[in-house]
Amino acid sequence: MRLNQKNKPKVLWFQAITCNGNTHSFLSSNDNRMKLFLDSFDLIYHPSLSVDISLKDIIESDVEIDFLLVEGAITSNERFFSISGETTTLLLNQLVSKSKYLIAVGSCASYGGLHAKFEQNEDIKGISDSLDVDNLYSLNHPVINLTGCPVHPEWIFQTLFTLKDYKKMHLDEEGRPKELYYGLAHHGCTRNEYFEWKVESKTFGLKEGCLFYEQGCRGPMTHSNCNKILWNEVNTKTRVGMPCIGCTELDFPRDNMLETKKNIGIPDQVPLGINKRAYLSLTGIAKTFKIDRLHKKLID
Amino acid sequence: MSAKEEKKNTIIENSLKLFSKNGFYNTTIPDIAKSMKMSVGNMYNYFKSKEELAKYAIKYSTNVLAIELKEINNMDISSKEKIYVFTKRYLQSVKKSPEVIEYFLRVYLSNREVFNEGCEGFLCVSEFVTEVMILLDDGAAKKEFRQQEFFPAFAMFMGALGGFAFLSGEKVLEKDVLSYSDAVAENIYRALKYEA
Ligand code: SF4
Ligand code: SF4
């Protein structure tokens, strides 16, 4: 790959403490979309790809980065993580001072994610919490959090193209683009009818039943469009029979993600924006209907 | 409430008394009309059948309890206190209007065939069941109650109260029904209580 493809916005992908999952997701995006991306942007650096320049060279050069994408959590504690002897906090800040837009790719970069649960190092954070004061204000736009574990490649592309063309995106309280995160994973789930009539799936992997009461599905309280922009254009967790584990939310990863927390058999949390009393009385009634069709296999 | 609804409620209140005293099958629409000093024909303007009246009556009588429990659920007191307050109010209504509770025990629970259609499951008692759910959920979330399955907890709560109403109805209690209130509440609380 070559630096300085004229007139194309420059994109740099920086990796901090990560499992590489967002890179995997990104690289498995749809071919045409990836081609469009590469034709429209100049990806000057990604640690998993062969490029003709090092991170150090970029930092020392006067090159300007349009879009700085960051994968992974950040720490200033070099005992736990450093790259070529430098902490990720330092490298991040050096890169940000050359960048116009800063985009967190994934939950770890957004809020610290799984790594922030590591008890031996209290200084593991998301990028917003790792910026120097100067850098907080030097950017053209507030930090954009593309949450998810991993992020859907399409969310990255849509963000980059929107910013390239319109220069701004509306963000929600958690810094996520509203356009991508306004809905819930529950929207478009093929199990909605089972949810309505409270027919539960008894095990993973079945086509039938909803995963809300028994298997911890967070679809009704998780902002994402997974069931509308499908993964690999084919499927999603909930369609295939695995509960949504709420990977786009601030509290991810939670404990016991495949269980529905209950009090005396009553779900502790109910779908977003619904009063618990109303929800319980509705579900109590819904459960009294036995719709034979919903208790049968979809395909005999 | 419209005049028609008020009238409906008075009919229900009257029929609750007759149903719980004489039983569902021994009470006829003419009996109810007579007790209301109404014509039988006029009765049918309010309820098309005895079955329909019976279903309305169960909704009516559990709503009385649901409203009480909802008010208690919204109080800023511990879950233990909620049990004490509700038990007291429940026994007060057993004393004051025994027909409401008796109807539940002697008609609703023992003539299930009447309620098969339209009152399946919790359909006719859902408002009250919901309030019990709120009470239990809240207590367990605050770690005042231990975690357990819903139905055993529900049965513990309702069983103790219903059983006591039954004893009162059979007139076997030695003392005034209300004087047992705290002891009954304590039993319910102990069955639900959080254990560290
Ligand atoms: S499986 Fe989850 S997302 Fe799908 S309908 Fe049920 S609760 Fe909603
Ligand atoms: S379905 Fe839920 S857990 Fe799965 S990717 Fe979407 S938001 Fe994350």
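## Pockets and sheet

In this predicted model, the lining of the largest pocket draws at least two residues from each of strand S9 (266-267) and helix H11 (276-288) of chain A, and likewise from helix H9 (150-169) of chain B. H11(A) gives the most to this lining, with five residues. Of the 30 residues that line the largest pocket, those closest to its centre are A:Lys198, A:Glu200, A:Lys202, A:Glu214 and A:Lys287.

For the second largest pocket, helix H4 (50-73), helix H6 (98-108), helix H8 (126-141) and H9, which belong to chain B, each supply at least two residues of the lining. The closest to its centre, of the 20 residues that line the second largest pocket, are B:Phe104, B:Tyr108, B:Leu109, B:Phe154 and B:Met158.

| Pocket | Volume | Lining residues by class |
|---|---|---|
| Largest pocket | about 690 Å³ | twelve nonpolar, eight polar, ten charged |
| Second largest pocket | about 350 Å³ | 14 nonpolar, six polar, no charged |

Turning to the sheet, five strands of chain A form an open sheet with parallel pairing, in the order S2-S1-S3-S5-S7. Strand S2 (42-45) and strand S7 (144-146) of chain A each have a single partner strand and stand at the edges, so one side of each is left without a neighbour in the sheet. On average, and with direction ignored, neighbouring strands of this sheet are turned by 30 degrees against each other. Within the sheet, strand S3 (residues 65-71) and strand S5 (residues 99-105) of chain A pair in the parallel sense over six bridges, and A:Leu69 has A:Ile103 as its bridge partner in S5(A).

How values were computed
Residues numbered from 1 in each chain as written. Chains lettered and ligands numbered in written order. Predicted model: local features only at pLDDT ≥ 70, side-chain atom pairs only at ≥ 80, totals over all residues. Heavy atoms only, no water. Pairing = 2+ DSSP bridges. Helix = DSSP H or I, 4+ residues; strand = E, 2+ residues; numbered from the N terminus. Axes fitted to C-alpha atoms, helices over the stretch in contact; angles between N-to-C directions. 1 Å grid on protein atoms, 1.4 Å probe; cavity = no way out; pocket = protein on both sides within 12 Å on 5 of 7 lines; lining within 4 Å. Points joined across faces, edges and corners; volume = space filled by probe spheres on them. Nonpolar A, V, L, I, M, F, W, Y, C, P; charged D, E, K, R; others polar.
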